[in-house]
Amino acid sequence: MHSFQTVADIRIEPGGAAKLDAYVDGLCANKRIAVITDKGVRALGLIDAGIAALEEAGYQIMVFDDVVADPPEGIVLQGAAAVKAFQAGLVIGFGGGSPMDTAKVIAHLASSDQKIHELYGVGLAKGPTLPLMLVPTTAGTGSEVTNVAILTTGETEKKGIVADSLYADRVLLDAQLTIGLPKSITASTGIDAMVHAIEAYTSIIEKNPISDALALAALRKLRRAIVAACGDGADMDARNDMLIGAMLAGQAFSNAPCAGVHALAYPLGGFFHVPHGLSNALVLTEVMKYNQPKADHWYGEIARDLGVGGNGSALIDEMLRLKEATDVPKTLSAVNIAAEAIPMMAKDAMTKDRLLVNNARELTYAATLDIYEAIL
Ligand SMILES: NC(=O)c1ccc[n+]([C@@H]2O[C@H](COP(=O)([O-])OP(=O)(O)OC[C@H]3O[C@@H](n4cnc5c(N)ncnc54)[C@H](O)[C@@H]3O)[C@@H](O)[C@H]2O)c1
Ligand SMILES: [Fe+2]
């Protein structure tokens, strides 16, 4: 038996975010909107025209821009209290994965009696939630169409909330918002999206034909566009393909969840604040090599679909080529992680059961040590 869920209302328009008043139509009965973002996105002015259009149309707006990368639980709680006090009728998450994930949990907490610690895990967050709209400004996480929010608890641990009540009510994909993304963020978030598609296609428990089709479609777009978008940030066709590719990959992995690459990537973000996409890019090809004995046929199917070769090794080579062509760092040392940290990271990776259970080949502690050492 397979089942597949996704956001029911996805709209695509380059330049659309300037007309947010039209895009929120029907979502906010009391005309009070909370916008969740971060200071970087806000300073870029990406949301200014949209807020002006909403105010012009008679909406009252509060902006919570305290989100930081790998959002800590405490900031989410502060945001939820502010949104509740404002009596918002709609939450808009506007930014990369961090503001969108924060907005998902805020929309939940602001209308629920559940405490945040009751939500971590799969299927534990139960509705009702405030109406939620998501507008991505990076092309990577696919968070706009997933039922996942990743928060940092305590000092270092990244934990996931996975529940269908986290699906947004509406998504706006406006590639214009991503034009100014620096090359390094374009590259690492784009590789994150490719990892989502590869892990969805090779996810052993919930692999399904709809996710498979979406993952292949995502990889076709992302592979073509990532080098072009890194070379010329203003290439609108490439930006649009990146944004749509990341969304398709998000739909795929929301139903056929991620696996070993993400499990080994999370400790890099949790302990050392290496950006999520870069963490994935660093561990990707070594995890693929480890998985190859069990996943070779699936990697080969992807390679043939992309036209890059006939077997699993061809896909690994292609991902190595893309990392090279987009200049992403290749070693732990390049992101200031020393050999002494490897046992601690491997121990932490072993706690990511939610992801490890989906991996094509069982990832042991010893294998995880070897993978980190290979990229030292
Ligand atoms: N919910 C999911 O399904 C899911 C999936 C993958 C990752 N994640 C989570 O998403 C987070 C990472 O998200 P991310 O990679 O999008 O990065 P991010 O949201 O953390 O943002 C990274 C940086 O990019 C800047 N930025 C965002 N948009 C920009 C733009 N258009 N131009 C210039 N700068 C811009 C931000 O200000 C920030 O400084 C992590 O916490 C990760 O765990 C969630
Ligand atoms: Fe990811």
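Domain bounds, as used here, come from an automatic or database domain assignment. This is a predicted model, in which local features need pLDDT of at least 70 and side-chain atom pairs count only at pLDDT 80 or more, while totals for chains, interfaces and linings use all residues. Residues are numbered from 1 along each chain as its sequence is written, chains are lettered from A and ligands numbered from 1 in the order in which they are written, and side-chain values use heavy atoms, with hydrogens and water left out.

**Stop 1: the two domains**

Colour residues 10-177 as domain 1 and 182-374 as domain 2. Their centres, taken over C-alpha atoms, are 25 Å apart.

Next, select the boundary. Here 27 residues of domain 1 are in contact (heavy atoms within 4.5 Å) with 27 residues of domain 2. About 2,200 Å² is buried between the domains, and carbon and sulfur atoms give 64% of that. Buried area is the accessible area (1.4 Å probe) that two parts lose on being put together, summed over both. On the domain 1 side, pick Ala 139, Lys 158 and Ala 175: they supply 23% of the area that domain 1 buries against domain 2, more than any other three residues.

**Stop 2: the shell around ligand 1**

Select ligand 1 and the residues near it (a heavy atom within 4 Å). There are 33 of them, and the closest are Ser 98, Thr 137, Thr 138, Thr 146 and Val 148. Domain 1 and domain 2 each give at least three residues to this shell.

Now show helices (H or I, at least four residues) and strands (E, at least two), which are DSSP runs numbered from the N terminus. Which helix supplies the largest share of the shell? H5 does, with five residues. At least two residues each come from H2 (39-43), H5 (97-109), strand S7 (148-153) and H6 (183-201).

**Stop 3: polar contacts of ligand 1**

Look for pairs of N or O atoms within 3.5 Å. A polar side-chain atom of Asp 101 is 2.8 Å from a ligand nitrogen. At Val 148, a polar backbone atom lies 2.7 Å from a nitrogen of ligand 1. Lys 158 places a polar side-chain atom 2.9 Å from a ligand oxygen.

Key. A polar contact is a pair of N or O atoms within 3.5 Å; within protein, one must be able to donate a hydrogen and the other to accept it, and residues adjacent in sequence count only if both atoms are side-chain atoms.
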